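Please read them with the structure open beside you.

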Amino acid sequence: MFKKIIILVVFFTFFLTVVGCKKDVLPKPSSYLRLDYPEAEYIGFKGNCPFEFDVNSKAIVKEDKGCGYSITYPKMKATIYLTYKPVSSNINKLLRDAQKLTYEHVIKADDILEQPYINPDKKVFGMFYQVDGNAATNSQFYATDSIKHFVTGSVYFYTKPNFDSIMPAASYIKNDMQRLMETLKWK
């Protein structure tokens, strides 16, 4: 009988040890997605088109047909599309088309902020648009010298528009687009 009690105590102790050694299940604390992007370093870009600009060294620039560029950000899954058009007494049409392209997003946009840009020394005049909300593009601009050159630029992400989730990347690329516009020079 004493032997049975000892076996029972050893068995019971072993059972409690196996069952009792599990860690308590605790809910994970709240956390936020952290997106760190490298500090932007800019380099001058001179292609075959009649303009040049500074571009982020982490971006990939590809020349498109018709004198335009695709500036790709692979880690952010986004591309800035630049389009060049020569001005030949059609400046009003080019301006209307650029503004119309921006305001087509008004259906999905919460707000469209306009920031005029004027640099008389470089003869660059334009408008930068920040489109807030779930629009297809978050930033657009046009720049011209009003005589010969007209450039438009817009950024698109390879994902369904959800401004809250792409906001850090959109803000980073918006700064790059503003730098591009501010460093634009005509050849």
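How does Arg179 count by relative accessibility: buried, partly exposed or exposed? At 30% relative accessibility, Arg179 counts as partly exposed; buried here means under 20% relative accessible area, exposed over 50% and partly exposed in between, using a 1.4 Å probe and protein chains only.

1. Ground rules. This is a predicted model, so to speak of local features we need pLDDT of at least 70, and side-chain atom pairs count only at pLDDT 80 or more, while totals for chains, interfaces and linings use all residues. Residues are numbered from 1 along each chain as its sequence is written, and side-chain values use heavy atoms, with hydrogens and water left out.

2. The salt bridge of Arg179. Its partner is Asp54, with the closest N and O atoms 3.1 Å apart; a salt bridge is a side-chain nitrogen of Lys or Arg within 4 Å of a carboxyl oxygen of Asp or Glu. The pair links distant parts of the chain, as Asp54 sits in strand S2 and Arg179 in helix H3 (residues 163-182), 125 residues apart. Helices (H or I, at least four residues) and strands (E, at least two) are DSSP runs, numbered from the N terminus. Asp54 counts as buried, at 19% relative accessibility.

3. The other salt bridge. A search of the whole structure finds 2 salt bridges. Besides the pair above, Lys93 and Asp97 meet through their side chains at 2.8 Å, N to O. These two residues are 4 apart in helix H2 (residues 91-103), which means that about one helical turn separates them. Both ends are partly exposed: Asp97 has a relative accessible area of 35%, and Lys93 stands at 47% relative accessibility.

4. The sheet around S2. Here you will find an open sheet of 3 strands in the order S1-S2-S10, with antiparallel pairing. S1 and strand S10 (185-186) stand at the edges with a single partner strand each, so one side of each has no neighbour in the sheet. Two strands pair if DSSP finds at least two bridges between them. S1 and S2 pair over 5 bridges and form a hairpin with 4 residues between them, whereas S2 and S10 pair over 2 bridges. Glu52 is a handy residue to look at: Lys46 stands opposite Glu52 in S2, and in S10 the bridge partner of Glu52 is Lys185. H3 packs on the sheet and touches S1 and S2, its direction making about 150 degrees with that of S2. Contact means heavy atoms within 4.5 Å; axes are lines fitted to C-alpha atoms, for helices over the stretch in contact, and angles run from 0 to 180 degrees between N-to-C directions.

5. Aromatic pairs. A search of the whole structure finds 10 aromatic pairs. One of them is Phe45 with Phe53, a tilted pair at 5.3 Å centre to centre and 35 degrees between the planes. Phe45 also pairs with Tyr69, edge-to-face, at 5.2 Å centre to centre and 90 degrees between the planes. Rings of Phe, Tyr and Trp (its six-membered ring) pair if their centres lie within 6.5 Å; planes under 30 degrees apart count as stacked, over 60 as edge-to-face and the rest as tilted. Phe53 is buried at 1% relative accessibility, and Tyr69 is buried at 0%. Ring pairs link Phe45, Phe51, Phe53, Tyr69 and Tyr84 into a cluster.

6. The disulfide. The whole-structure search finds 1 disulfide, formed by Cys49 and Cys67 with their sulfur atoms 2.2 Å apart; the cut-off for such a pair of cysteine sulfur atoms is within 2.5 Å. Cys49 lies in the loop between S1 (42-46) and S2 (51-56) and Cys67 in the loop between S3 (60-64) and S4 (68-73), so the pair ties together parts 18 residues apart in sequence. Both cysteines, Cys49 and Cys67, are buried.
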